[in-house]
Number of protein chains: 2
Amino acid sequence: MNRCEQCIVRQFTALNALTKDELMRMAVCRTSENIKKGQILFEEGEHPKGVYCIKSGICKLTKLSANGREQIVKLVTRGDLLGQRSILSGEKVNLTAIAVSDMEICLLPKEDILRSLANNREFSSEVMKEVCHDLKNANNSTVNMAQKTVKQRLADTLLYLYKTFGTDKHGFLSAQLTREELAGMVGTATESLIRMLSGLMKEGYLKTGGKKILLINIPGLEKISDGQENVSS
Amino acid sequence: MNRCEQCIVRQFTALNALTKDELMRMAVCRTSENIKKGQILFEEGEHPKGVYCIKSGICKLTKLSANGREQIVKLVTRGDLLGQRSILSGEKVNLTAIAVSDMEICLLPKEDILRSLANNREFSSEVMKEVCHDLKNANNSTVNMAQKTVKQRLADTLLYLYKTFGTDKHGFLSAQLTREELAGMVGTATESLIRMLSGLMKEGYLKTGGKKILLINIPGLEKISDGQENVSS
DNA sequence: GAAATGACATGACATTTATCAGTTGATATT
DNA sequence: AATATCAACTGATAAATGTCATGTCATTTC
């Protein structure tokens with residue numbers, strides 16, 4: 001019933017370049033898998049079973065640093081693929097994937113993916129483009145971590161969550177992350193993150209109600225991100 | 001005279017997967033180009049003319065941050081390719097490439113690369129692996145920037161320079177970077193970098209003679225990098 | 001409903017890092 | 001040789017961020 005051919009999510013990914021034939025072969029893909037919040041999809045050092053296609057929910061790709069903090073390298077969500085890098089290069093995964101919310105995913109077996117990569121030029125080209133895009137983002141991320149302040153990076157993160165996951169009907173960010181997870185994205189201590197967040201609240205950029213966050217002044221946050229805060233003409 | 005087929009450097013790169021025929025076509029490649037220290041190969045926002053193959057010298061890939069500091073994202077050297085990401089994805093380059101030393105490079109025209117990517121499965125697979133490798137490194141780099149101290153990152157950088165470029169006959173690091181460039185790699189202010197460096201010198205990890213750096217205690221630097229400094233059993 | 005738990009929050013303080021203002025030394029320029 | 005220039009370096013200080021201790025609140029568990 002849950003056939004790949006009919007899956008809307010596929011349209012957003014490189015999988016759209018697969019032929020009907022190829023899709024038929026991906027037998028495992030016919031049913032999607034339900035993942036509970038907190039569940040681990042794969043861990044650093046493993047060889048993944050294949051590429052995951054995300055139908056719903058949010059997953060964090062993390063890396064544990066020597067000081068014990070969990071750095072979130074990327075969030076993946078509806079319409080994203082997961083695990084391509086490792087399948088493409090044949091290496092172990094270098095990041096751990098953990099569900100941030102309940103998820104619905106499909107596993108596309110490694111062998112099928114590799115066969116399609118070898119035989120379907122358009123597919124491999126699309127996958128390559130996605131990896132290149134990831135690389136660009138990763139480089140930007142490195143520069144931001146190295147050069148921006150925590151406040152700037154928090155503004156970035158909030159804007160990213162806003163643009164990527166949108167808001168609920170009341171305007172609150174749809175992505176529900178704990179403060180600890182936010183700190184993991186920003187790359188700072190949880191206490192520092194909380195302080196910055198309430199700082200931004202006091203300055204009127206946002207409101208927080210428990211775990212929910214409402215962005216009020218988007219252009220202002222963009223200025224903070226660019227380091228143009230408090231710059232009068 | 002300087003034909004690709006005979007080029008030793010090619011062996012180290014994905015270009016090794018190109019056929020004799022393909023190499024013959026890359027007319028521009030027949031002669032290598034000499035680049036002077038400080039010269040710009042391409043700048044952020046441009047569309048590159050092709051992929052560069054580096055025969056000798058060192059080039060920095062940098063990004064200017066809002067606060068005016070130049071962050072070095074990657075160094076490329078003999079046997080590396082330059083500009084693949086942009087050619088593969090068809091996007092503008094997102095980094096600026098500047099020669100750190102005099103260089104010898106070959107330009108492989110965009111059209112030829114794209115043709116080979118489409119027609120030569122092994123070549124495209126090799127290129128893909130290199131991009132995947134870059135992505136892995138970039139992710140690690142992001143985590144390091146976010147979670148490690150300046151001292152740890154400096155240790156990382158020194159070890160990287162040691163392992164990648166080696167030393168001259170006297171044991172000094174072969175890669176000659178200015179303090180400002182080192183700071184750009186570590187992601188800190190030049191003054192901070194200088195202080196850290198002389199700190200490491202006082203602690204006996206290294207010696208500096210002007211621009212030259214001699215690493216004395218490699219295992220010690222590795223401990224610093226892992227954050228195990230001053231941890232007595 | 002009481003107890004336990006975990007996320008959120010804040011204060012006090014320590015540490016790290018950046019910034020600003022210079023000095024020195026080497027190298028290039030006239 | 002005098003001058004300009006730039007990289008390397010240092011000191012004083014400010015600002016940013018981390019750490020530790022503690023408290024509150026909401027939620028889960030029994």
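The model is predicted, so to speak of its local features pLDDT of at least 70 is needed, side-chain atom pairs count only at pLDDT 80 or more, and totals for chains, interfaces and linings use all residues. Residues are numbered from 1 along each chain as its sequence is written, chains are lettered from A in the order in which they are written, and side-chain values use heavy atoms, without hydrogens and water.

Start by colouring residues 4-145 of chain A as domain 1 and 149-226 as domain 2; these bounds come from an automatic or database domain assignment. Their centres, taken over C-alpha atoms, are 26 Å apart.

Next, select the contacts (heavy atoms within 4.5 Å). Eleven residues of domain 1 of chain A meet 15 residues of domain 2 of chain A. About 1100 Å² is buried between the two domains, with carbon and sulfur atoms giving 62%; this is accessible area (1.4 Å probe) lost on putting the two parts together, summed over both. Now show I72(A), L75(A) and M145(A): in domain 1 they lose the most area to domain 2, together 42% of what that side buries.

Then pick K60(A) and E181(A), whose side chains form a salt bridge at 3.0 Å, N to O. The term requires a side-chain nitrogen of Lys or Arg within 4 Å of a carboxyl oxygen of Asp or Glu, and the count between the domains is one.

Finally, highlight β5(A), which gives the largest share of the domain 1 side touching domain 2, five residues. Strands here are DSSP runs (E, at least two residues), numbered from the N terminus.

Technical notes:
Helices (H or I, at least four residues) and strands (E, at least two) are DSSP runs, numbered from the N terminus.
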